[in-house]
Amino acid sequence: SNLPIILLTAKSEETDKILGLGTGADDYITKPFLPTELVARVRSQLRRYMELGGNTVKRDDHIEIGTITMDDTEKLVTVDGAPVSLTPTEYEILKLFMQNPGILFSPKEIYKRIWKDDPYGAEGTVAVHIRHLREKIELCPAEPRYLKAIWGQGYKIEKSPK
């Protein structure tokens, strides 16, 4: 853990202090101590912890594939650090792919998952949305690095684009 550790102990020998700090403690307080000093040391450690970014956690709602990043909490997509404006449908299609990299989805399956409807004649609708999505996230939509079409089968996003 990267949480600050303060040892509060009755052992006041120099070797004990060195051992405690050497094993990973951030501070070492010996008895007797003043309660106000303890509070000041705890606050000091917490301030350093917060200022140095120790409170950051890996979020499950943040996905990265190549230079595409998706923050599902903020509904934000960036490519090469630049924000990309997507329609809600384009966003959901991209989210489906990014949550399942390398997995092939047929147009019918994409339609069922995104529109939540029967996919009768849905291939054209899905193809149009994929084309628009490629125009927004691909450097060269005619030669996509990320959103790949497997002819006659469906679409997928590459796990690690070339």
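## Sheet and helix packing in a predicted model

Strand 4 (residues 68–71) and strand 5 (residues 76–79) pair in the antiparallel sense, joined over four bridges. One of the pairs links the two strands at Asp-71, whose bridge partner in strand 5 is Leu-76. The structure described here is a predicted model.

These strands belong to an open sheet of four strands, which has the order 3-4-5-6 and antiparallel pairing. At its edges lie strand 3 (62–65) and strand 6 (82–84), each of which pairs on one side only. From one strand to the next, the twist averages 25°. In general, the strands of a sheet pair through backbone hydrogen bonds, in either a parallel or an antiparallel manner.

Helix 3 (residues 88–99) lies across strand 3, strand 4 and strand 5, and runs at about 110° to strand 4. Helix 3 also meets helix 5 (residues 123–137): their axes come within 10 Å and cross at roughly 80°. Angles of 65 to 115 degrees count as roughly perpendicular; helix 3 and helix 5 are therefore roughly perpendicular to each other. The residues that make this contact are listed below by helix.

| Helix | Residues in the contact |
|---|---|
| Helix 3 | Thr-89, Glu-90, Ile-93, Leu-94 and Phe-97 |
| Helix 5 | His-129, Ile-130, His-132, Leu-133, Lys-136 and Ile-137 |

By class, the contact of helix 3 with helix 5 comprises six nonpolar, three polar and two charged residues.

Methods
Residues are numbered from 1 along each chain as its sequence is written. This is a predicted model: local features need pLDDT of at least 70, side-chain atom pairs count only at pLDDT 80 or more; totals for chains, interfaces and linings use all residues. Side-chain values use heavy atoms; hydrogens and water are left out. Two strands pair if DSSP finds at least two bridges between them. Axes are lines fitted to C-alpha atoms, for helices over the stretch in contact, and angles run from 0 to 180 degrees between N-to-C directions. Contact means heavy atoms within 4.5 Å. Angles under 35 degrees count as roughly parallel, over 145 as roughly antiparallel, 65 to 115 as roughly perpendicular and the rest as oblique. Ala, Val, Leu, Ile, Met, Phe, Trp, Tyr, Cys and Pro count as nonpolar, Asp, Glu, Lys and Arg as charged, and the others, Gly among them, as polar.
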